[in-house]
Amino acid sequence: MKKTALICTGLMSGALMLMLSSCLTVHAKKIVEAPYYPPEEAFADAGEQEKNFKVYYSSSKAPVIDGEFNDWEGLEGVKVRRMVYGGMFNPENTDGTFKLRADDAFLYVFADIIDDEPQENKFPAPQGWRDDSIEFFFGTDTGYHTFYKSTDHRVRIVPKSKSNKTAYDVGINDVSMSGSIKAVIVYSEHGYKIEAAVPFSLLSIRKLKVKQKVRGDFQINDADGGKERSRLIHWNSGKDNTYLDASSWGDGIVVDLADAEEAK
């Protein structure tokens, strides 16, 4: 009787374990991919991605950072339309064009952002990604690497006021640099425009030269309805990794500004 009881107890214990195991298998949570892996169709409306972004160099001509933006007319820029998260790309919700220029002392950036709900950003530069703002990534080391090299930098420009075009904050690699970088932001009903001058001394760069290859990416942070960021859009990378992985950036080339103006 004792042996029979022991056998029955063992069978019942085994059956119970099997049932528990089955229950765990049936009710296990499904793994959901992170939001920065969008479906392939999210790129469908983004258009063909440019192979290179351009940096227009001139040793004698520099844009005036005044909010007029006429110094950027006729220059080719890149469209920032690769949705990282926030749904399908919709140019009426968020769209943007970025342009770069350089002389012997500064890297200049222009951004024309379309935004159906442009907001004033109340966050300081290190947290400015949480609301409407732009970022660009730039480096001169073109060899493959993931961790940032000394010449790799992330610049974030944070617009602060719809009534004061010189109200802004700027950060480089999450360190506030507003006192060292001149910028102007002009809001409109459907977005905002930014132009800024970033000293090469803050980017660990001495000088650029025509035909030099560079690396970089461009980013739009978009918040709506008084809330925090709901859309993240890049020029090159399809993931939220540009802030820590320089290999996700795209290629750029320094071109002569005079040659570009003659070709217009």
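## Aromatic pairs

The count of aromatic pairs comes to 10. The model is predicted.

Take Phe 53 and Phe 218. Their ring centres lie 5.3 Å apart and their planes stand at 90°, so this pair is edge-to-face. Phe 53 belongs to strand E1 (residues 53-57) and Phe 218 to strand E12 (residues 213-223), so the pair ties together parts 165 residues apart in sequence. Phe 53 and Phe 218 are buried.

## A tilted pair

Phe 137 and Trp 249 also form an aromatic pair. This one is tilted, with 5.9 Å centre to centre and 50° between the planes. Phe 137 is in strand E6 (residues 133-139). Trp 249 is in the loop between strand E13 (229-234) and strand E14 (250-256). The pair links distant parts of the chain, 112 residues apart. Both Phe 137 and Trp 249 are buried.

One aromatic cluster is formed by Phe 53, Phe 98, Phe 218 and Trp 235. Elsewhere in the list of ring contacts is a charge: the charged end of Arg 101 sits over the ring of Trp 72, 5.9 Å from the ring centre.

## Nonpolar cores

The largest nonpolar core has 40 residues. Phe 53, Val 55, Phe 98, Phe 138, Leu 208 and Phe 218 touch the most other members. Another core, of 11 residues, lies apart from the largest one and includes Tyr 56, Tyr 108, Val 255 and Leu 257.

Which residues does Phe 53 contact, leaving aside neighbours within four places in sequence? Among them are Val 78, Leu 100, Phe 138, Val 214, Phe 218, Trp 235 and Ile 253. Arg 215 and Asp 251 are also in contact with Phe 53.

Definitions and conventions. Residues are numbered from 1 along each chain as its sequence is written. This is a predicted model: local features need pLDDT of at least 70, side-chain atom pairs count only at pLDDT 80 or more; totals for chains, interfaces and linings use all residues. Side-chain values use heavy atoms; hydrogens and water are left out. Rings of Phe, Tyr and Trp (its six-membered ring) pair if their centres lie within 6.5 Å; planes under 30 degrees apart count as stacked, over 60 as edge-to-face and the rest as tilted. Helices (H or I, at least four residues) and strands (E, at least two) are DSSP runs, numbered from the N terminus. Buried means under 20% relative accessible area, exposed over 50%, partly exposed in between (1.4 Å probe, protein chains only). A charge sits over a ring if NZ of Lys or CZ of Arg is within 6 Å of the ring centre and within 35 degrees of the ring normal. A nonpolar core is a set of buried Ala, Val, Leu, Ile, Met, Phe, Trp, Tyr and Cys residues joined through side-chain atoms within 4.5 Å. Contact means heavy atoms within 4.5 Å.
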